[in-house]
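Hi everyone, thanks for coming.

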Amino acid sequence: MKKTIAFTVAGLVLVVAALAGIKAFQIRALIASGADFSVPAETVSATEVRQETWESLLPAVGSVTAVQGVELRAELAGTVREIAFVSGAMAAKGQVLVRLDTTSEQAQLRAAEAQAELARLNLERARGLHEQGVVSKADLDTREAEFLKTGGDVEVIEATIAKKTILAPFAGRLGIRSVNLGQFVNPGDAIVSLHSLDPVYVDFSVPEQQLAQVQRAMEVRVMTDATPGRVFKGNVTAVNPEVDASSRNIKVQATVSNADGELRPGMFARVELVLPETDPILAIPSTSVLHAPYGDSVFVISDVKDEKSGKTVKQVQMTTVRLGLTRGDFVAVTAGLKAGQTVATSGVFKLRNGSPVTVDNTLAPDAQSAPRPPNS
C-alpha cells in the first residue's frame, strides 16, 4: 500500500512538472514573439507642403439691387381699358403698358381745340382791324389773352390724357401686374414693377478698418445661393462718404454685369473684394487637418530608421499648426509647418504619433483651389 501511494505521488509530481515546463515554454515563446512584433503600417495619401501666393480677399455679404427699379402707379383715377404687356416680359423705353379710360377727356379736348381755333381766328381778325385803326389796343390784348387761355386749356387736357397712358420710363423686365381689365384704380394704386437688370448693383459693407484699402474700380466677385458655382465679376463704383455710427461699417456699391438676368434685386450675395496686394502662404489640403478641442494638428511624414530591422521606414509625427484663410479645398498654415514637408492627406483619424505608414496616392482626392460641382 505504501509503495502504491509513493508511485501515485511521484506520478502527480511528474505531471505537474511537465505541465509547468510546457507552460513556461509557451510563455517564453509569447515573450519572444512580442519582442519581434511590429505595428503594421497604415496606408495613407500624402502631399508636399507648398508655398503659394494667394490673392488678398476681403469677404463681405450684401444684396443685389437694380440700377433702376420702380413700382409704376396710377397718377389719376380711372378705369383700365387696355393692358398692353405680359407679366414678366421685357419692356422697351416708352412702351405703352396700360391705358385708362379717356373718353370724357377726349370729348373735352375736341371742345377745347374748337375754342382755341375760334380764339385764333378772332385774334387774327382783331390784328387786322387794329392795323386799320378800328379796334383799340385794349381789345387786341383781350383777344390775345383769350387765345393763350384756350391754348392752355388744350394743354391741360392733353396732359391729363397723357397721365392716363402709363409708359415704361426705361427698358427693363416687368413684374406681375396688379390690375385687371375694367378695374377702377385710384391715384397711387400699383400697376406693375419694372426693373433694369443689366447691369445690377451689389451693395455691401466693410469694416472701417479696411476703409483705406477700398478704392473705386477695384475688382469684386459675387456669388449667390441661387447660382451655385457661378461667379459674377464687377467693379466698385461708389463708396459711401460716411461710416455707420451703429455698426462702424461703411457701405460700398459695386456694379456687376448681368447679361443673362440671373441676378435679381433682393438676392443675398457673398462678395469678395480683391485687394491689390498678395500674400505668400503655405497651403495644404483641408483633409490633412485633424481638428480637436485643444487645437488643430497634422501628421508630418518622415523617413526614420527602424531599430529592429535596420531598414528605413516612413513614420508620422503629430504637429500642432495654426490655420489661416481657406481657398476651395486648401487651407493656409500660418505656423507649425515648413515648405517641402510631407503631410498625410487622408486617413489621419486612424493615425497615432509615431505610427508607421505606407503612402499610396492612387485614390487620393483631387484638391482644387476653386472646386466646382459636377455639370456646373
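Let's start with a question: how far does α3 reach from its first C-alpha to its last? The answer is 39 Å for its 27 residues, close to the 39 Å expected at 1.5 Å a residue. That expected span is 1.5 Å times one less than the number of residues in the helix.

Now some housekeeping. This is a predicted model, in which local features need pLDDT of at least 70, side-chain atom pairs count only at pLDDT 80 or more, and totals for chains, interfaces and linings use all residues. Residues are numbered from 1 along each chain as its sequence is written, and side-chain values use heavy atoms, with hydrogens and water left out.

So what is pLDDT? It is the predictor's confidence in each residue, from 0 to 100. The chain has a mean of 83, with 91% of its residues at 70 or more. Where pLDDT is low, the predicted coordinates should not be read in detail.

Back to the helices. α2 covers residues 103-131, and its end C-alpha atoms are 43 Å apart; that agrees with the 42 Å its 29 residues should span at 1.5 Å a residue. Its buried residues include Glu 105, Leu 109, Asn 122 and Leu 123. Buried means under 20% relative accessible area, exposed means over 50%, and partly exposed is in between, using a 1.4 Å probe and protein chains only. In α3, the buried ones are Leu 140, Thr 150, Val 154, Ile 157 and Ile 161. What covers them? Just after α2, look for Gly 133, with a positive phi of about 85°.

Next, the sheet. Four strands form an open sheet in the order β7-β6-β4-β9, with antiparallel pairing. Its edge strands are β7 and β9 (184-185), each pairing on one side only. Strands count as paired if DSSP finds at least two bridges between them. Let's go across. Three bridges join β7 and β6, and there Arg 99 stands opposite Thr 165. Strand β4 (residues 78-83) pairs with β6 over three bridges too, and Ile 83 has Val 98 as its bridge partner. Lastly, β4 and β9 share two bridges, with Gly 78 opposite Val 185.

On to the cores. A nonpolar core here is a set of buried Ala, Val, Leu, Ile, Met, Phe, Trp, Tyr and Cys residues joined through side-chain atoms within 4.5 Å. The largest one has 23 residues, and Val 202, Phe 204, Val 220 and Leu 273 touch the most other members. Strands supplying at least two residues each include β3 (50-73), β10 (190-207) and β14 (268-285). There's also a second, separate core of 17 residues, including Phe 85, Leu 174, Val 185 and Val 192. Zooming in on Val 220, its contacts (heavy atoms within 4.5 Å) include Phe 204, Phe 232, Ala 254 and Leu 273.

Asp 198 and Pro 199 are joined by a cis peptide bond, omega about 0°, and Pro 199 lies in strand β10. Ala 217, in the loop between β10 and β11, isn't a glycine but has a positive phi of about 75°. Is Ala 217 buried or exposed? It is exposed, at 55% relative accessible area. Arg 248 also has a positive phi, near 60°; this residue sits in the loop between β12 and β13, partly exposed at 47%.

Last stop: Asn 258, in the loop between β13 and β14. Asn 258 counts as buried because its relative accessibility is 1%. Its contacts include Asp 198 and Pro 199, the two residues of that cis bond. And which backbone nitrogen does the side chain of Asn 258 reach? That of Glu 262, at 3.1 Å.

Definitions and conventions. A polar contact is a pair of N or O atoms within 3.5 Å; within protein, one must be able to donate a hydrogen and the other to accept it, and residues adjacent in sequence count only if both atoms are side-chain atoms. Lists of a residue's contacts leave out its neighbours within four places in sequence.
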